[in-house]
Amino acid sequence: MSWRDNLIKIEPYVAGEQPNKTDFIKLNANENPYPPSPMVAKAVRDFGADALKKYPSANAVPLVNAIAKREGLKPENVFAGNGTDDVLSLAFRAFFNSDKPIIFPDITYSFNTVWCDILRIPYETIPVDGDFNIDPADYARPNGGVVIANPNAPTSIGRGLDFIRKILDSNCESVVIVDEAYVDFGGVTAVPLLQEYDNLLITRTFSKSRSLAGMRLGWAMGSPELISALYATKDSMNSYPVDSIAQAAGVAAIEDEEYFQATLKRVIATRERLTKELRGMGFTLPDSQTNFVFATHPKYSAKAIFEYLKTRDIYVRWFNKPRIDNFLRITVGTDEDTDALIAALKNLIG
Ligand SMILES: *Cc1c(COP(=O)(O)O)cnc(C)c1O
């Protein structure tokens with residue numbers, strides 16, 4: 001017997017590569033190519049270091065209030081955390097304590113399986129169809145919980161309210177988590193369904209549409225019962241997950257709706273141009289409702305394109321996983337980034 005036998009054995013989530021150099025185009029983590037709102041810059045600049053001597057608001061009250069106001073909800077319907085990943089891991093802990101497996105698509109956010117492994121939550125994955133579509137009928141089966149990303153990642157496909165409603169209607173006995181990390185880029189939010197379903201939890205992030213990946217901010221929306229379970233779990237792990245500077249930045253980001261909408265518009269316009277260009281080169285890709293595209297080419301393997309782009313200092317995401325290992329997930333960058341990407345691809349493919 002050795003202490004080594006007691007170390008955790010887990011295959012962790014692998015994030016997008018962060019090369020140790022400065023001059024490259026990073027399209028592998030779905031970060032926003034544009035800076036956060038000038039109001040965020042001001043909030044961070046004006047934040048007095050003196051205030052750091054105090055603990056932050058434990059439940060991120062100013063931030064929760066700003067989010068609730070923006071979403072037309074009450075503060076007791078909102079929970080803020082240290083990135084959506086923090087919120088989701090608390091939610092898995094708080095809600096998935098059944099002996100039955102939780103269910104989610106085989107192709108979706110790959111953190112799901114990692115949380116299940118570390119929290120010892122049984123799970124089953126349900127295959128999406130050949131076009132990466134999720135059939136809600138597949139989710140009408142006994143389970144200990146349901147997790148759906150809508151729009152889904154890395155497929156970029158978004159579905160409407162009737163789709164979420166179908167899943168909810170066959171799952172009144174489970175908590176259903178809808179991860180809306182990408183919803184702002186053209187998806188349909190399930191927020192209106194919160195009035196009807198007490199077992200629905202929706203998560204969002206500041207990392208993509210609000211350009212704050214480095215700040216680590218995310219939130220959840222749901223019934224007071226679900227939100228209370230999240231607080232109880234948080235307060236059993238880490239009472240103050242959201243630091244004071246992040247809270248101030250988050251409030252500023254939420255309140256600058258105009259900048260938010262303008263930035264989304266730019267990203268979406270570039271995405272449409274990139275989609276057209278890729279199709280022109282022979283790539284196949286679904287219409288994206290996110291800030292990335294998910295593309296495959298009939299002649300060039302995704303791995304070969306991925307490696308080639310790296311030699312041109314362009315980093316995209318390639319998942320060496322069953323069913324998707326011939327696809328590339330490419331983040332929508334600036335117009336300049338996109339020009340460089342297209343030029344490199346044309347050089348390879350012609
Ligand atoms: C980016 C992402 C998240 C998490 O974002 P945070 O940076 O932790 O807020 C959650 N779900 C999906 C599907 C994502 O792509």
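## Where the two domains meet

In this predicted model, 33 residues of domain 1 are in contact with 35 residues of domain 2. Domain 1 is built from two stretches of the chain, 3–35 and 258–349, while domain 2 covers 38–256. If you take the C-alpha centres of the two domains, they lie 23 Å apart.

## The seven-stranded sheet

Let's turn to the strands. Seven of them make an open sheet, and its order reads β2-β8-β7-β6-β5-β3-β4. The pairing in this sheet is mixed. At the edges you'll find β2 (78–81) and β4 (123–126), each of which pairs on one side only. Going from one strand to the next, the twist averages 20 degrees.

For a closer look, take β7 (residues 200–205) and β8 (residues 218–221). These two strands run antiparallel and are joined by four bridges. Thr 205 stands opposite Gly 218 of β8. Helix α6 (residues 224–234) packs on this sheet too, where it touches β2, β7 and β8. The direction of α6 makes about 30 degrees with that of β2.

Another helix, α4, lies across β3 (102–105), β4 and β5 (145–149). Compared with β3, α4 runs at about 160 degrees.

## How α3 and α4 cross

Helix α4 (residues 111–119) also has a helix partner: α3 (residues 84–95). Their axes come within 10 Å and cross at roughly 45 degrees. Because of that angle, α3 counts as oblique to α4. The crossing of α3 past α4 is right-handed.

Which residues in α3 and α4 meet? From α3 come Asp 85, Leu 88, Ser 89, Phe 92 and Arg 93, and they meet Phe 111, Asn 112, Trp 115, Cys 116 and Leu 119 from α4.

## The three-stranded sheet

There's also an open sheet of three strands, in the order β9-β12-β11, with antiparallel pairing. Its edges are β9 (292–295) and β11 (317–318). Each has a single partner strand, so one side of each is left without a neighbour in the sheet.

What joins β9 to β12 (residues 328–331)? Four bridges do, and the two strands run antiparallel. As for individual residues, Phe 294 has Arg 329 in β12 as its bridge partner.

How values were computed. Residues numbered from 1 in each chain as written. Predicted model: local features only at pLDDT ≥ 70, side-chain atom pairs only at ≥ 80, totals over all residues. Heavy atoms only, no water. Axes fitted to C-alpha atoms, helices over the stretch in contact; angles between N-to-C directions. Parallel < 35°, antiparallel > 145°, perpendicular 65-115°, else oblique. Left-handed = near helix turned anticlockwise from the far one by under 90°. Contact = heavy atoms within 4.5 Å. Pairing = 2+ DSSP bridges. Domains from an automatic or database assignment.
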